[in-house]
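Subject: Structure for you to look at

Hello,

Here is the structure I said I would pass on. Please open it first, then read the notes below next to it.

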Amino acid sequence: MSGDHDRDHGLDHDLDLAVRLLAGTPTHEGRDPLVLRRWAEAAEEFGRRMRPGPVPVRVVERDGGLAAGLLARYRSRPPVVEVYVDTVDRAERLVAELGWRNWFPAGSVLAAALAHERAHAWLHHARVRAEFKRALGHTALRLGPRRLYAHVAGADELAAHAYARAACGLGRSPLLLTEALAAACSESETDQWVS
């Protein structure tokens, strides 16, 4: 029973982190917090249910992620995922320092980073992107019964984090680790973190 309570509490806390990410995203200043929460819930649900097909992507390992504020990055042309090994190593050490191994088992930082970027590659497909916009429900234009759905800045990050958590069986969202990593590195290395 307490395991279910901890999992539910973790989901609530992860949702709060997701809402904060949206609130801090340009274009969302002054938006109703309930709207942001609805979008965050929809993005996370979409991410948890995503089943990306095979995405032909080359994986390249790089250094310099700590200085650039990067863990991994997907580039669509040509399709490539850049994984920053210095950041992955620092994140693994941070998990141990914080006592979060039960949420992020050894090796899960790299696995989650790859899953996260795989989700971005999948969300890049026009059909999936349109489906995601419908799921978010942010209407840009309505003509009678027809709607044109708009992009929600930051929502793709939330979907990718939710997918990575589900795909890797993590106890918490990788967004929590990304925030902790940014805080741990902010004094000396970077203020901006993306994944």
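The protein chain exposes about 10500 Å², and carbon and sulfur atoms supply 54% of that area. Accessible areas come from the Shrake-Rupley method with a 1.4 Å probe; for residues, only the protein chains shown count as cover.

Some notes on the source. This is a predicted model, in which local features need pLDDT of at least 70, side-chain atom pairs count only at pLDDT 80 or more, and totals for chains, interfaces and linings use all residues. Residues are numbered from 1 along each chain as its sequence is written, and side-chain values use heavy atoms, with hydrogens and water left out.

Overall fold. The protein chain has eight helices and five strands; these are DSSP runs numbered from the N terminus, helices being H or I with at least four residues and strands E with at least two. Their order along the sequence is α-α-β-α-β-β-α-α-α-β-β-α-α. Of the 195 residues, 45% are buried (buried means under 20% relative accessible area, exposed over 50%, partly exposed in between, with a 1.4 Å probe and protein chains only). Among contacts with a separation of 6 or more, 60% are between residues 24 or more positions apart, where contact means heavy atoms within 4.5 Å.

The hairpin. Strand S2 (residues 72-75) and strand S3 (residues 80-84) form a hairpin with four residues between them. Their pairing is antiparallel, over four bridges; two strands pair if DSSP finds at least two bridges between them. Arg75 stands opposite Val80 in S3. On S2, Ala72 and Tyr74 make up the covered face, while Arg73 and Arg75 are on the uncovered one.

Another backbone detail. Thr27 is in the loop between helix H1 (2-23) and helix H2 (33-49). Phi of Thr27 is near 90°, a positive value in a residue other than glycine. Thr27 counts as exposed, at 53% relative accessibility. For background, most residues other than glycine have a negative phi, and most peptide bonds are trans.

A surface patch. Which residues form a nonpolar patch on the surface? They are Val59, Leu110 and Leu114, with about 210 Å² of accessible area together. Leu114 lies in helix H5 (residues 108-123) and is partly exposed, with a relative accessible area of 30%.

Regards

How values were computed
Patch = residues over 30% accessible without salt bridge, like charges linked within 9 Å, V, L, I, M, F, W, Y side chains within 5 Å. Salt bridge = Lys/Arg side-chain N within 4 Å of Asp/Glu carboxyl O.
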